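Let's take a walk through this one together. Have the viewer ready and follow along.

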Amino acid sequence: MRPRTCFLAALLFVGAAQAETIAVVGTGNVGMALGTEFAALEHTVIYGSRNPESEKTRALVDRTPNATAALPAEAAARADVIVLAVPGMVTESVVSGLGDLSGKIIIDPTNPLIVEGDPPTFTYGTDRSLGEIVQEAHPDAFVVKAFNTINWQLMIDPPTPPPVIPLAGDNAEAKRQVAEWVRAMGLDSVDVGGIYHARATEYLIVMLLNNSFTGSEKFEVVFQRVE
Ligand SMILES: NC(=O)c1ccc[n+]([C@@H]2O[C@H](COP(=O)([O-])OP(=O)(O)OC[C@H]3O[C@@H](n4cnc5c(N)ncnc54)[C@H](OP(=O)(O)O)[C@@H]3O)[C@@H](O)[C@H]2O)c1
């Protein structure tokens with residue numbers, strides 16, 4: 001068995017109750033939401049920040065049980081799972097600086113948004129998808145596009161019934177593991193297929209944001225499980 005397969009198999013056989021070390025790269029809204037949620041599930045969180053000693057990062061560490069902070073590459077090196085909570089248009093450069101992530105799960109909530117004007121208009125900032133770009137940068141890691149279709153507040157305080165979030169990724173076991181964590185956070189998920197489909201979920205957000213600011217008829221898009 002190759003080392004990365006070995007690690008993933010170990011992760012999956014022990015199940016969702018196993019405490020993992022999670023590097024949450026980025027300390028903004030999504031980093032805070034997912035970092036505190038993973039900590040509430042008794043995982044060990046290391047925030048990966050450009051400024052691990054800043055007042056903002058220290059305040060986040062203080063409100064997250066059993067958490068620490070380090071520079072992004074150090075946090076990723078010490079973790080089993082990496083969460084990319086950084087602005088979409090810097091994702092490629094951030095992941096290129098994270099070192100060897102072979103065998104690790106990368107959870108990718110990013111959206112490639114270019115924002116201009118007032119009221120703002122949003123355009124899709126890549127010719128592929130960030131999910132695919134991250135997977136290409138780390139071909140031996142298991143990228144799961146997740147959490148990019150819901151607001152950070154819903155990650156912390158999900159309504160009933162919970163929002164269903166799409167998971168896209170090429171490794172079924174990694175998606176199953178992320179689905180377990182999603183359920184443990186009080187959310188729901190559906191497997192929408194390979195990482196190629198990340199572009200559809202990312203583009204959806206561009207459409208929804210434009211609609212929320214400038215659309216004449218407002219709408220919402222929801223994923224619904226069909227039995
Ligand atoms: N906001 C939402 O509700 C939401 C929901 C779903 C998905 N998303 C997506 O999730 C990602 C993070 O969103 P967010 O709302 O958490 O963003 P945010 O509040 O702006 O935080 C992003 C964090 O990324 C880090 N970062 C690293 N390199 C950076 C750079 N060059 N410029 C700025 N920040 C940099 C910063 O942490 P340090 O200063 O500690 O390095 C920053 O706090 C985005 O791709 C977004 O599209 C957002």
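**A loop residue, then the ligand shell**

Start with Glu42, which sits in the loop between α2 and β2 (44-48); helices (H or I, at least four residues) and strands (E, at least two) are DSSP runs, numbered from the N terminus. This is a predicted model, where local features need pLDDT of at least 70, side-chain atom pairs count only at pLDDT 80 or more, and totals for chains, interfaces and linings use all residues. Residue numbers start from 1 along each chain as its sequence is written.

Glu42 isn't a glycine, yet its phi is positive, near 70 degrees. Phe147 is buried, because it has 27 C-beta neighbours inside 10 Å.

Now hop to helix α2 (residues 29-40), which gives the ligand shell its largest share, three residues. In total, 24 residues surround the ligand, with Gly26, Gly28, Val30, Ser49 and Thr110 the closest (near means a C-beta atom, placed from the backbone, within 6 Å).

Thr36 is in helix α2 too, and is partly exposed with 18 C-beta neighbours inside 10 Å.

Last, look for the cis peptide bonds: one joins Asp118 and Pro119, with omega about 5 degrees, and another joins Thr160 and Pro161, with omega about -5 degrees. Pro119 lies in the loop between β6 (113-116) and β7 (121-124), while Pro161 is in the loop between α7 (152-156) and β9 (164-168).

Technical notes. A residue is buried if 20 or more other C-beta atoms lie within 10 Å of its own, exposed if 12 or fewer, and partly exposed in between; C-beta atoms are placed from the backbone.
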